[in-house]
Amino acid sequence: MKIILATDSEFVPKLDNPTEPLSLTIEDEQGNARFYIHPNASKDVLKHTKKIGDKIFKHDFAILDFLEDVYGFKVGKKLEGVNYKNYVTLVILIFFSFKDIEFLFKNTKDYEKLVLPKLSRTRRISVQNIINNSKGGFCSDSIGLPYIATLPDKNNGRMRNYKISFKIVDICAMQGNDNLKNYANNVGIEMLTKDEYTSDEKKRMDLRYIENSNKYKAYCMGDTPLIKVKRETDNFYNHIAELIGVEKQISWGMSTGKIVARLLNDWFCNILKIDSKTLYKIHNLAGSEGITNISKLIKEKALIYGAMVDGGRTVRERDLDILVGNLIDIDISGCYGNGLKNQLYAIGIPSIITEPMIVEDWLNKYEKELIPGLWCARISWDNSKSKFKFKQDLLISKTEEKFSFWNYVIQGFDNQGFEIDDDGKKVYDASMCTTTSVIHYATLTHDSLQILKTVASNQEWGWIKKNAVINCSLIYKKSDEVSTPTDEMLEGATLSKDTDTLIKASKNWIRIELKGLITTLLLERKKHPKKTPMNTFLKLIINTIYGTIASEFFSIENACVSSVVIGNNITARARCLAWCMGKGFHSVMSITDGGVFDVNNVLFYKKKSLNLLEGLHRDKLSEGKNRFCYKKPLMGFEINFNNPNCYKLMLENLGIIPDIDDKKNKYTCLNIIDKKAWEHLSSIFDIDIFNYNQFEFETKDIYTKLILHSKVDYYLEKPNNSGYTIAFRGMPKVWDDSIKSKVINPLALDLFKAIENNTPLKVEIDTSELLSLSDYQIKKKSDGNYPLLPHDSVNVKKVFYSHSPKSSRVASLSELKKLEKRYETAKKSENAIEVAAVKKWGEKLSKD
């Protein structure tokens with residue numbers, strides 16, 4: 001028997017102390033709801049509760065009160081020595097918070113003993129209850145509790161004692177990283193009481209209850225539409241399923257990634273006319289986890305890097321902190337979504353080449369087998385000691401990692417090559433770093449190879465062909481393509497010590513065009529205005545399709561979509577376009593899918609080379625006969641954004657009659673700038689990205705001043721000081737009641753002002769964070785008496801420096817280590833001037 005309930009609690013956070021419980025609300029599928037005050041609420045709350053007659057739950061477990069009050073069930077503690085054969089499972093829906101589980105219990109010790117050790121959290125809270133018996137062990141998603149309920153038997157109506165177990169269903173990952181109000185709005189459910197209290201008022205909800213109990217209870221009772229939100233969210237996903245022609249589901253899962261991976265998995269199966277089990281057999285080793293495990297079996301360390309999917313290009317493109325001018329903040333429109341439109345997908349295992357080869361030999365052997373978008377490689381070179389020296393900033397190195405498990409692999413201590421501890425991880429990654437002379441395991445794909453061939457000078461390309469090494473490569477070869485699954489493919493390949501069988505397993509693969517799927521979703525999205533629920537949902541799904549392909553977590557049955565090759569090609573294509581934007585627009589920085597540049601000072605080239613274009617970050621354009629590029633206005637004439645009539649004047653310059661509505665003029669002008677920007681880059685770079693118009697640009701806004709803190713932290717000032725935009729990663733946000741949203745802490749402005757005035761500054765911010773489950777477990781292990789529990793509020797001191805060396809480019813990873821060591825030493829001094837000195841040293845490194 002199963003009873004579905006939703007619960008939400010209110011409480012009073014106590015910094016670095018246990019959270020004080022206040023109240024909870026419980027609601028069932030039929031809308032029956034009850035409000036309870038927690039028996040361990042403060043004395044003032046309990047006194048007020050007794051005065052006005054609200055109920056304090058009496059049982060050890062609040063759900064027992066609900067079963068008693070709503071259904072009239074007899075409830076109590078399980079009797080010792082009695083064997084209860086029947087279970088009733090309470091399926092309890094929550095949203096995000098451990099406190100919603102903790103405060104269902106009267107006694108914290110019961111929660112700590114019965115439940116907390118069996119909880120897990122990645123993006124959401126779940127139960128991982130390991131149960132051992134005579135037949136072995138298994139993992140259950142429910143927890144048995146020492147309580148019983150006397151209920152009518154569903155078969156004969158007789159009253160029967162049922163032992164209670166409960167299952168946690170945390171819905172906070174079903175629609176991505178968002179709050180409950182937006183979750184509800186996205187599926188057409190209004191939560192009218194959510195804005196009844198300000199952020200400051202919510203810090204002391206005990207006072208709100210005492211001040212106005214009716215208002216407080218209305219707020220609480222409006223906070224548990226979780227059952228309806230989940231049901232309607234599943235309905236939204238069923239609409240998508242219907243749209244792309246896959247079977248609907250009663251319940252799709254509890255995380256956006258898993259749900260979208262299931263949708264994509266089923267779409268693949270429909271196209272191939274196979275079931276999920278067969279898809280898994282054919283394709284499960286194509287993802288990061290599979291390639292990593294293969295690397296262990298065949299003892300090829302380079303392949304660990306080959307199994308990684310790299311992220312976006314986040315690079316300081318110019319060695320300056322401040323730019324004043326007529327600035328455009330431009331993005332690649334629907335970056336990864338449109339990237340998917342231009343991407344083939346391959347079902348099957350790629351050919352794996354682990355023999356190190358110089359680029360020329362590798363191309364001679366494999367180039368005729370390469371299909372754009374269906375191969376990737378890792379490339380390394382060291383130009384630091386060469387007689388012919390040059391620098392580059394197209395390819396981004398991976399940092400050197402020790403992978404401490406590797407000694408076990410080499411020495412043969414592991415069981416089957418992949419069933420070892422592996423530092424508690426199955427998949428490995430390394431950070432990305434812009435190194436200009438010594439390249440370490442950078443990703444090479446069709447797009448970056450095209451740029452190397454068309455931008456590098458003859459001498460540079462000749463050196464690369466003779467000296468750069470392809471460390472490993474994954475290729476879906478032309479000659480291995482088939483139209484339907486072969487018998488060998490259907491047999492699948494499994495990980496085992498028989499590495500010869502693994503390597504010789506079928507490398508046949510089947511082509512799938514993603515364009516049809518993505519176009520269907522994009523066209524559907526266009527039918528719905530921006531910020532409407534369906535528009536928001538479709539944007540989330542399109543972005544998550546890329547995420548599931550690039551992820552290491554979706555090489556499982558019913559969600560077998562991960563692919564190292566496809567993931568790396570999607571991100572590499574975006575990185576290549578971002579690099580072209582930096583060189584064509586003379587952007588100040590690249591942040592995955594966009595950057596900022598002066599519309600009156602874009603670059604036009606007389607000649608190009610990797611070395612010349614790398615030098616642009618120092619604004620090194622050369623002079624006289626050696627001048628290889630020059631600056632001109634993008635539009636052919638200058639634009640002054642501080643002029644209130646700038647849009648009208650721009651349109652008149654172009655021979656277009658302006659509208660009386662200047663907002664429409666702005667929209668028209670920015671669209672024209674977007675198209676002109678694309679045309680400009682197309683005239684510079686002869687690569688498929690531009691030849692096939694694979695993307696479009698979208699200007700976010702215009703500005704007149706940029707102050708850059710690091711490659712991703714910036715201040716952008718609007719024309720005539722009419723406002724600003726700030727991005728500062730890691731900076732705590734504060735609530736702004738005027739817009740009912742959180743904003744960057746105003747102290748960030750002090751840091752940008754210090755950069756502008758070149759007066760190094762340190763800012764310390766005391767903030768609070770929720771204690772994570774993993775941090776709690778670490779602290780509890782070292783101190784058995786540690787008093788706090790997950791999601792208690794803890795104080796955190798954050799330190800920020802105005803002058804950061806983190807965005808410095810270096811010639812090699814050894815220089816990066818030196819820079820990081822100096823930075824760590826300077827931070828220990830807590831002296832802003834010493835930290836600023838490291839930044840200057842880093843800038844000198846990039847100029848050498």
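Which residues does Asp153 touch, not counting residues up to four places away in sequence? Keep that question in mind while you open the structure, which is a predicted model.

**First stop: Asp153**

Select Asp153, and you will find yourself in the loop between strand 10 (143-152) and strand 11 (159-170). If you now show its surroundings, the residues that Asp153 touches, leaving out those up to four places away in sequence, are Arg158, Arg160 and Tyr162. Asp153 counts as buried because its relative accessible area is 10%, and the cut-off for that word is under 20%.

**Second stop: helix 26**

Move on to residues 662-684, which form helix 26, a helix of 23 residues. From its first C-alpha to its last, helix 26 reaches 33 Å, which is close to the 33 Å expected at 1.5 Å a residue. At the N-terminal end, select Asp661, which caps helix 26 with a side-chain oxygen that lies 3.0 Å from the backbone nitrogen of Lys663. Then colour the buried residues of helix 26, among them Asn665, Cys669, Ile673, Ala677, His680 and Ile684. An α-helix has 3.6 residues a turn, so residues three or four places apart point the same way. To see what covers the buried residues of helix 26, show elements including strand 13 (322-332), helix 25 (646-653), helix 27 (688-691) and strand 30 (697-708). Helix 23 is also part of that cover, and you will meet helix 23 again at the last stop.

To find the largest cavity, select some of the residues that line it, including Arg316, Asp319, His617, Ser804, Lys839 and Glu843. The largest share of this lining, 4 residues, comes from helix 31 (residues 832-847). Sorted by class, the lining of the largest cavity has no nonpolar, 6 polar and 6 charged residues.

Finally, turn to the second largest cavity, which holds about 80 Å³ of space, and select Asp310, Leu394, Thr443, Ala572 and Arg575, which are among the residues of its lining. Helix 23 (residues 564-585) gives the largest share of that lining, with 3 residues. By class, the lining of the second largest cavity has 5 nonpolar, 3 polar and 2 charged residues.

Definitions and conventions: Residues numbered from 1 in each chain as written. Predicted model: local features only at pLDDT ≥ 70, side-chain atom pairs only at ≥ 80, totals over all residues. Heavy atoms only, no water. 1 Å grid on protein atoms, 1.4 Å probe; cavity = no way out; pocket = protein on both sides within 12 Å on 5 of 7 lines; lining within 4 Å. Helix = DSSP H or I, 4+ residues; strand = E, 2+ residues; numbered from the N terminus. Nonpolar A, V, L, I, M, F, W, Y, C, P; charged D, E, K, R; others polar. Points joined across faces, edges and corners; volume = space filled by probe spheres on them. Expected span 1.5 Å × (residues − 1). Buried < 20%, exposed > 50% of the residue type's maximum accessible area, 1.4 Å probe, protein only. Contact = heavy atoms within 4.5 Å. Polar contact = N/O pair within 3.5 Å; in protein donor to acceptor, adjacent residues only side chain to side chain.
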